[in-house]
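Here are my notes on the model, point by point. Please read them with the structure open.

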Amino acid sequence: MTTMTKPEEGALPTGSDAFLSVRDLYVHFSTEDGVVKAVDGLSFDLERGQTLGIVGESGSGKSVTNLAVLGLHNPKTTEIAGEIVLDGQELTGASNRTMERLRGNKMAMIFQDPLTALSPYYTVGRQIAEPYMKHMGASRKEARDRAVEMLEKVGIPQPRTRVDDYPHQFSGGMRQRAMIAMALVCDPDLLIADEPTTALDVTVQAQILDLLKDLQQENGSAIILITHDLGVVSNVADNLLVMYAGRAVERGTVRELIKEPQHPYAWGLLGSMPRLSSSVDEPLTPIPGSPPSLLNPPSGCAFHPRCPYPELVGGDRCATEPPELPAGRGSACHLTAEQKRSVFIEKIQPRLG
Ligand code: ADP
Ligand code: MG
């Protein structure tokens, strides 16, 4: 691991016995331009029956993190360090065979675009049945019945006939449902949903999220819901992890984060969130500036070039010293707890309306 800076000893908790435990995760890509530090020292936990929302602007490392959990990175160009433990099993060093067995069976993923997961050449039913035969040893007949059952579960009308349709015969929302059926066919313990509703209209979005919630209640699975939209997660997640430039900058329950976010980046995300009260054409306030290059991330706190508050912290601390994220509720920012609170209440909250 020559390209990686070692995390400070004792800086992060280790030895968690959570259902999914990610510790000091580093995912670096070797490219022609240099090393892309896509994930750079990330730790989080997730329990069964709970939903963790991972939020952050595009390029903050959300998808790369979850592809690492699923073991889907190309080992030739990717350096992965740290620990990913799922139900007591260490995944970062696991063989391809082990990972293949776990994917689709113990853990499954749904993507933003169902067409990346569904093949145009096979019927929807066959694609749902296939992992069920492979992982559960079911017969063709059993797997077909299971596919019909799953289509019904995810709310596809006339599942007995629609099971023989091809993906292009389904609407966008129905394809998303079919992909969810495929992901859930083996009752995975961990479901990773990567921007599952971004391409859908608001009504269908809400239906899909409700569906995920229902299915979770039924089989107690753990869900990671990745999104750049705080509005989407705040309705369904229990806990939130806010990511910026390959690191977690804030964590807490949804309630804590919506009520009193602590990190200036989280303030920006909240400010750019569409509000029910605002009229449709009222422009949202984006966070000024753009996400940093992960080839050469800023020194100190990666957010400092876009942050209005380094002067409040004083000296050049924000530009030189990377802030630590405490375990549990907290944020990786050099402002004092008192400063975070008063800036939020005086300057940010009034603008959120
Ligand atoms: P997001 O938070 O939008 O899901 P990603 O996790 O996809 O962001 O990407 C994080 C960063 O890693 C981005 O800068 C992206 O360009 C880079 N990245 C992702 N995959 C690769 C790859 N295979 N090779 C090089 N860079 C990559
Ligand atoms: Mg992504």
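1. Is cysteine 318 buried or exposed? The model is a predicted one, and in it cysteine 318 is buried, with a relative accessible area of 10%. A residue needs to be under 20% to count as buried, so cysteine 318 qualifies at its 10%. The residue lies in helix α13, which spans residues 317–320.

2. What does cysteine 318 touch, leaving out residues up to four places away in sequence? Its contacts are Ser299, Gly300, Cys301, His304, Pro310, Val313 and His334. Arginine 351 is another matter of distance. It is 33 residues from cysteine 318 in sequence, and the two C-alpha atoms are 25 Å apart in space.

3. Beyond four places in sequence, alanine 183 is in contact with Ala108, Met109, Ile110, Pro188 and Leu191. Glutamine 216 is 33 residues away along the chain from alanine 183, with 13 Å between the C-alpha atoms.

4. Next, the packing of α7. Helix α4 (residues 124–136) and helix α7 (residues 172–184) have axes that come within 8 Å and cross at roughly 20°. Angles under 35 degrees count as roughly parallel, and α4 and α7 are therefore roughly parallel to each other. Their crossing is right-handed. On the α4 side the residues are Val124, Gln127, Ile128 and Pro131; on the α7 side they are Ala178, Ala181 and Met182. Sorted by class, the contact of α4 with α7 has 6 nonpolar residues, 1 polar and no charged.

5. Helix α4 also packs on helix α5 (residues 140–153). Here the angle is about 120°, and the axes are 8 Å apart. That makes α4 oblique to α5. The crossing of α4 past α5 is right-handed. From α4, the contact draws on Val124, Gly125, Ile128, Ala129, Tyr132 and Met133. From α5 come Arg140, Glu142, Ala143, Arg144, Arg146, Ala147, Met150 and Leu151. The class count for α4 with α5 is 9 nonpolar, 1 polar and 4 charged. Val124 and Ile128 are listed in the contact with α7 and in the contact with α5.

6. At what angle do helix α11 and helix α14 pack? The angle between α11 (residues 264–271) and α14 (residues 337–352) is about 10°, and their axes are 11 Å apart. The two helices are therefore roughly parallel to each other. Trp267, Leu270 and Gly271 of α11 meet Lys340, Val343, Phe344, Ile348 and Leu352 of α14. Those residues divide into 6 nonpolar, 1 polar and 1 charged.

7. Now the aromatic rings. The structure holds 5 aromatic pairs. Which residues do ring pairs link into a cluster? They are Tyr244, Tyr265 and Phe303.

8. Look at helix α1 (residues 62–70) for burial. Of its 9 residues, 7 are buried, so α1 is largely enclosed by the rest of the structure. The buried residues are Lys62, Val64, Thr65, Asn66, Ala68, Val69 and Leu70. Glycine 71 follows α1 and has a positive phi, near 70°.

9. Aspartate 24 has a positive phi, near 50°. It lies in strand β1 (residues 20–31). Its relative accessibility is 18%, so aspartate 24 counts as buried.

10. Alanine 245 is the second case. Its phi is positive too, near 50°, in a residue that is not glycine. Where does alanine 245 sit? Its place is in the loop between β9 (239–244) and β10 (247–253). Alanine 245 is buried, with a relative accessible area of 11%.

Technical notes. Residues numbered from 1 in each chain as written. Chains lettered and ligands numbered in written order. Predicted model: local features only at pLDDT ≥ 70, side-chain atom pairs only at ≥ 80, totals over all residues. Heavy atoms only, no water. Axes fitted to C-alpha atoms, helices over the stretch in contact; angles between N-to-C directions. Helix = DSSP H or I, 4+ residues; strand = E, 2+ residues; numbered from the N terminus. Parallel < 35°, antiparallel > 145°, perpendicular 65-115°, else oblique. Left-handed = near helix turned anticlockwise from the far one by under 90°. Contact = heavy atoms within 4.5 Å. Nonpolar A, V, L, I, M, F, W, Y, C, P; charged D, E, K, R; others polar. Phe/Tyr/Trp six-rings, centres within 6.5 Å; stacked < 30°, edge-to-face > 60°. Buried < 20%, exposed > 50% of the residue type's maximum accessible area, 1.4 Å probe, protein only.
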